Amino acid sequence: MSDLDKDTARSGSDDSSSNLRNRGTVSKHRAQLDKLEGDASHSVAHAIPEITKKERLDTWDMAKTTITNFTKPPQSPEEWISFLFPAYRWLKVYDVKSDLSKDLIAGLTVGVMVIPQSMSYAKLAGLPVEYGLYSAFVPVFMYAIFGSSRQLAIGPVALVSLLLSSGLGRIMEKRGFVSADDDNYDMDFYINMALQASFLVGVINIGLGLLRLGFITIFLSHAVISGFISGAALIIASSQLKYLFGVKTERYDTLQGNLKTLILNLKDTNWRVVIMGFSALFMLLGIKQVARRVPRLKWIQPLGPLTVTIIAIVLTAALNLDERGIDVVGEIPKGMPPFTAGAWTPIENFGELIVPVISIVLIGFLESIAIARKFAARHKYEIEPSLELMGLGFANLFGGMFGGYPVTGSFSRSAVNNDSGAKTGLAGIVTGILVMFVLLFLTPIFEILPTAILGAIVIAGVISLVDYPEAIFLYKVHKKDFCLWVIAFLLSLLFGVEMGLAVSVGLSLVIVLYESAYPQTAILGRLPGTTVYRNVKEYQDAETFDGIVVIRVNAPLYFANAENIRDKIRKYRLAAEEKSGEDLKFLIVDLTPCSHIDVSALHVLMDMNDNYKSRNQQLCFSNPCLTVLEQFELSGLTEKVGRNYFFSSTHDAVKACLNELDVESNSTRDGKEDEASELDEEAL
């Protein structure tokens, strides 16, 4: 912009301000702006608050109040009902006329989708298909009552099924059972472990909910978990290819293991199965693409699994395909699920079983809370992580009581539930009723369903979990997070989901520790024409001052980062002295981002203060919060540093230090002049 353009713009701005001031009525905002402009020009220094005994007591009372509120039980009967039965929150405002029809449609739509999916995921989990239906029945009712989300669709999902299969399969291998196709395979023992896993997942979730530990997932990096899920999705898909080729193979927990055993057994491929399986897969993927690209046909997506299931059943019945070498599901018990709580104890392999259980708790809650928050924000209601944990806990606990294996929220079915208009948990109850109807009357129909169709349904469902768009986004935006995504992805893919999850969680914790132990620090300079101080690396025109260095620490000070921050401040001091060619007099530490400080950091600051005082250098602190200031006062650091070296703003600190340097320079100059005069007089 030219100087003439700048003058014109400035003139226009001045005219605009003048016109606003000349109005008959001045808004309160204009009055406040005028006051701000006039007041800020004076730049009056303000003293930091003094911590009195009363304020210390108030701070402690505030802390006690926070702890009390954290664990405070509900007070009124209505609060107790809402806490114990979250469904009460939507029941008391339920509008039958506007909500009932939407919930019915959504519940039936998800029910149509979950029936073939649940059987497919049970197969993935290594269980008979009826256990998938059981898991889509009782848990749905329990979550509708105890869950906090109104759109979340609970039931069997691919990732949890894989985690369960991987964990239980390892236990079975140790007992000498390699393949479920072996005649001596102890399927009853495997089923009991699945029921025990559901019981343990439920108990742990409820316990975490009661302790209000729903915040634990914030320590898991999004990039790392996305990489893990993407790798796991490809393992799931590779494990189902054997059904599409009609071959019997051992199942592995790695991509290369599944592909190797498939290639070695390709000679046994059944071409009828290949045609049916891949036709079903392409049909499912085609329906997804049509629904995604043509908004008015979006409703056909949830019908995809049921459509290919019906077509396959009709073809099998008409052409007697089950007698021509095509594997089918086989007998499915008819009726309500059995009472299976008796299988919960004794838990013979608790030490080994707890590993997949913890994995399922972690991933299950992570999936559910992400989906629940997304739809809660869209429908303008709140999600409480603790209640969500308890909802998942009761769903798994009662599911394990009636033949179910571990469940969680489903991405695909929740999206369909929401898009179909679900308003409350009643939609889930409708889904459960439909599954119950199938269990009571329709199971014989599904007995001739080819297993290739179940494999195709699983593959079509997990392809969307391969989050390559996120990898591309991370590569463009944040290379470090992209590297973490790749590491989690490859480890999951090549070493199995348990190793992948362990490393993913470990990487997330390492990131938290690293970012905490090595916080960002910066040298600050003043932006010309302002009292604002910014990072000199980011603002090239920021002014620095001779004899002074201003340092900002962008984190709380505690034992993990105190030594690192000491080293950073030392390096900044040496760099500033090297640049100016003279010793520093003042080191100003801006504590604006520092929310608290612990004893270890206080000891480090005390040592730094003693060290710098011995060098005739002065530590100063600007804008400490009341909590940090109180710790300084109680530890005696305030007195050791000097009360007059604590400032309410960085600008006040710089002005005070410059003034002191000026006084010192004048004193030195006057002293030299007096000495020179005395020498002249002696010479005369």
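The following legends describe close-up views of a predicted model.

**View 1. Overall content of the protein chain.** The secondary structure of this predicted protein chain comprises 27 helices and eight strands. Of its 684 residues, 47% are buried. Among contacts in the protein chain with a separation of 6 or more, 80% are between residues 24 or more positions apart.

View 2. The largest nonpolar core contains 119 residues, and Met119, Leu127 and Leu164 have the most contacts inside it. Helix 15 (residues 350–379) supplies the largest share of this core, 14 residues. A second, separate core consists of 45 residues, including Ile569, Val589, Phe621 and Cys657. In soluble globular proteins, nonpolar side chains tend to be buried together.

**View 3. The surroundings of Leu127.** Leu127 is one of the residues with the most contacts inside the largest nonpolar core. When its neighbours within four places in sequence are left aside, Leu127 is in contact with Ala122, Leu164, Tyr190, Ile191, Ala194 and Tyr405. Leu164, among these partners, is likewise listed with the residues that have the most contacts inside the core.

**View 4. The crossing of helix 13 and helix 19.** The axes of helix 13 (residues 271–293) and helix 19 (residues 451–462) come within 9 Å and cross at roughly 35 degrees. The crossing of these helices is right-handed. Helix 13 contributes Val273, Met276, Gly277, Ala280, Leu281, Leu284, Leu285 and Lys288 to the contact, while helix 19 contributes Ala452, Ile453, Ala456, Ile457, Ile459, Ala460 and Gly461. Classified by residue type, the contact has 12 nonpolar, two polar and one charged residues.

View 5. Six strands form an open sheet with mixed pairing, in the order 4-3-5-6-7-8. Strand 4 (533–535) and strand 8 (646–647) stand at the edges, and each has a single partner strand, so one side of each is left without a neighbour in the sheet. Strand 3 (residues 521–526) and strand 5 (residues 548–553) pair in the antiparallel sense over four bridges. Ile523 has Ile551 of strand 5 as its bridge partner. Strand 6 (residues 586–590) and strand 7, by contrast, pair in the parallel sense over five bridges. Ile588 stands opposite Cys620 in strand 7. Strands of a sheet pair through backbone hydrogen bonds, either parallel or antiparallel.

**View 6. The two covered faces of strand 7.** In strand 7 (residues 618–622), five of the five residues are buried. In a regular strand the side chains alternate between the two faces of the sheet. Gln618, Cys620 and Ser622 lie on one side of strand 7, Leu619 and Phe621 lie on the other, and all are buried.

**View 7. Glu367, a buried residue of helix 15.** Glu367 is found in helix 15. With a relative accessible area of 6%, Glu367 falls under the 20% limit and is therefore classed as buried. Not counting residues up to four places away in sequence, Glu367 touches Val157, Leu159, Thr408, Gly409 and Phe411. The C-alpha atoms of Glu367 and Ser410 are separated by 7.7 Å, although these residues are 43 residues apart along the chain.

**View 8. The packing of helix 17.** Arg413, Ser414, Val416, Asn417 and Asn418 are the buried residues of helix 17 (residues 411–419). These buried residues pack against helix 6 (96–124), strand 1 (154–155), helix 15 and helix 18 (426–446). Gly421, which follows helix 17, has a positive phi near 100 degrees.

View 9. Pro346 is placed in the loop between helix 14 (304–319) and helix 15. The peptide bond from Thr345 to Pro346 is cis, with omega near -5 degrees. Asn320 also lies in the loop between helix 14 and helix 15. Although Asn320 is not a glycine, its phi is positive, at about 50 degrees. Asn320 has 37% relative accessibility and counts as partly exposed.

View 10. Asn616 is located in the loop between helix 24 (599–614) and strand 7. This residue is not a glycine, yet Asn616 has a positive phi of about 65 degrees. At 53% relative accessibility, Asn616 counts as exposed, whereas the residues of strand 7 that follow the loop are buried.

How values were computed:
Residues are numbered from 1 along each chain as its sequence is written. This is a predicted model: local features need pLDDT of at least 70, side-chain atom pairs count only at pLDDT 80 or more; totals for chains, interfaces and linings use all residues. Side-chain values use heavy atoms; hydrogens and water are left out. A nonpolar core is a set of buried Ala, Val, Leu, Ile, Met, Phe, Trp, Tyr and Cys residues joined through side-chain atoms within 4.5 Å. Buried means under 20% relative accessible area, exposed over 50%, partly exposed in between (1.4 Å probe, protein chains only). Contact means heavy atoms within 4.5 Å. Axes are lines fitted to C-alpha atoms, for helices over the stretch in contact, and angles run from 0 to 180 degrees between N-to-C directions. A crossing is left-handed if the near helix is turned anticlockwise from the far one by less than a right angle, and right-handed if clockwise. Ala, Val, Leu, Ile, Met, Phe, Trp, Tyr, Cys and Pro count as nonpolar, Asp, Glu, Lys and Arg as charged, and the others, Gly among them, as polar. Two strands pair if DSSP finds at least two bridges between them.
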